[in-house]
Every structure is written in C-alpha cells, then in structure tokens.
Amino acid sequence: MLLYIHGFNSSSQSDKAVQTAQYINQHYPHVDFHQPQLPSSPHTAMSLLCEITERAKQQGQTLRFIGSSLGGYFASYLAETYGGKAVLVNPAVKPFELFEEFIGPQYNPYTNEHYQVLPQHRLDVAHFDTQVIRHPDRFLVLLQTGDEVLDYRQALHKYHSCELHLEPNGDHSFVGYEQQLDKICNFIQL
C-alpha cells in the first residue's frame, strides 16, 4: 500500500500528487495506491489516514507513505506509529507553531472549498507530533533550501539521522519532484 498525503490547502490533484499517481500507475500498476483528498479538519484528516493505514495493515500489506509539507508531518506520525517507510518532501516539522497566522477563513484553490481554521486545529495537529524519530531507517527526506514557506533547517535538525537529500534553491513545491520518483520508489521498495 502506498499512501500519498498532500499538504495544507493543497489537494489530491496537486502537481506532485498527479505526477506520483501517473508514475505509480505506469511503473507499478500492482501497487494499492491511495491519494485521498483530506478534510480541512486535521483531526478528521488524520482519522481518514489512520483508517486507510489500519485497513492495509490488517490485510498484511507493506505500508509506504509519501507526504508533502503538512502531509510529511502526518506521514512521520504514521510511519513511526504503524511502521513502513516514508518519503517526506519539504516536510512541516512544527506546523502547530504556524497556525496562528492561518486562524480564520481559508480558501482552497484546488477544491474551491471555503472553510475555517479554528484554534482547536492547532492542538489537533500538535497531538500528532513525533518529537523524536525513533526509526530513522524508515525515512527519506527531500529538502530544497529555497523553500519559501518552511525553514528547511528545522527538517535537517529533526531528521538528521535519516537519509537526506538536500538541494540548493528550489521552492516549497520541490522543483523537479518528478525526477525524484525513481529514487522515491527505490527507497520505499516498490
């Protein structure tokens, strides 16, 4: 099972999600691939991700995750909690520290959804924090120094014992992501 987890205010139809789906479909059509559209509520989103993961685990499937930004934060929790391998793309490390600037009305341009970020969402997200990575062999972390949304140095610090791929420049979307898909699939052992 491979679960692609998009980031905050993003979509299962974002460029990286679509590129991943096309690559998996072309090269690994046998893989049980999921790229759900996450609800805007972090608690509800994680409930959905845990449900997919638990169902795959009960079926004896090998667990694999790709998470971008907030999706990387969620993927860390899932891999540390349930096992399996995870690839994190410019992952959020402490997203709960950034929530203050987003509290209030939001608009997701991918889904055309209007919704509210509530103070409770900050606490919900903090609940899934993996403060210490206990299984660094489970993670490949892809970072670009030009990330304009998140400080890549936080991820360097948190995931210092994991396999890291650091590129200069780039941006939060991870420029050239599609060129990393072969490396990603090799790491998660498809």
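**Buried positions, cavities and aromatic pairs in a predicted model**

S14 counts as buried because its relative accessibility is 5%, below the 20% limit set for buried residues. The model is predicted. S14 is found in the loop that runs between β1 (2-5) and α1. With neighbours within four places in sequence left aside, the contacts of S14 are with Y4 and Y110.

Two further buried positions lie in strands. V117 is part of strand β6; its relative accessibility is 3%, so V117 counts as buried. Neighbours within four places in sequence again being set aside, V117 is in contact with F8, F99, F102, I103, G104 and Q106. V117 and P42 are 75 residues apart along the chain, and their C-alpha atoms are separated by 9.5 Å. Q144 is located in strand β7 and counts as buried because its relative accessibility is 1%. Between Q144 and V89, which are 55 residues apart in sequence, the C-alpha to C-alpha distance is 8.9 Å.

One cavity of 30 Å³ or more is present in the structure, and the space in the largest cavity is about 190 Å³. Its lining consists of 19 residues, with G7, F8, N9, P39 and S40 nearest the centre. At least two residues of this lining come from each of α2 (42-58), α3 (70-82) and β6 (113-117). By class, the lining of the largest cavity comprises nine nonpolar residues, nine polar residues and one charged residue.

The largest pocket holds about 550 Å³ of space. It is lined by 29 residues, and those closest to its centre are G7, F8, S69, V149 and H172. Helix α1 (residues 15-27) gives the most to this lining, namely three residues. The lining of the largest pocket divides into 14 nonpolar, eleven polar and four charged residues.

Aromatic side chains were then considered. The count of aromatic pairs comes to seven. One of them is formed by Y77 and F128, with a centre-to-centre distance of 5.0 Å and an angle of 75 degrees between the planes; the pair is edge-to-face. Y77 belongs to helix α3, whereas F128 is in the loop between α4 (119-126) and β7 (139-144), so that the pair links distant parts of the chain, 51 residues apart. Both Y77 and F128 are buried. These two residues belong to one aromatic cluster, together with Y73, F74 and F96. Helix α3, in which Y77 lies, is also among the elements that supply at least two residues to the lining of the largest cavity.

A charged side chain is placed over a ring in one further case: K85 lies over the face of F187, at a distance of 4.5 Å from the ring centre.

Notes
Residues numbered from 1 in each chain as written. Predicted model: local features only at pLDDT ≥ 70, side-chain atom pairs only at ≥ 80, totals over all residues. Heavy atoms only, no water. 1 Å grid on protein atoms, 1.4 Å probe; cavity = no way out; pocket = protein on both sides within 12 Å on 5 of 7 lines; lining within 4 Å. Points joined across faces, edges and corners; volume = space filled by probe spheres on them. Helix = DSSP H or I, 4+ residues; strand = E, 2+ residues; numbered from the N terminus. Nonpolar A, V, L, I, M, F, W, Y, C, P; charged D, E, K, R; others polar. Buried < 20%, exposed > 50% of the residue type's maximum accessible area, 1.4 Å probe, protein only. Contact = heavy atoms within 4.5 Å. Phe/Tyr/Trp six-rings, centres within 6.5 Å; stacked < 30°, edge-to-face > 60°. Lys NZ or Arg CZ within 6 Å of the ring centre and 35° of its normal.
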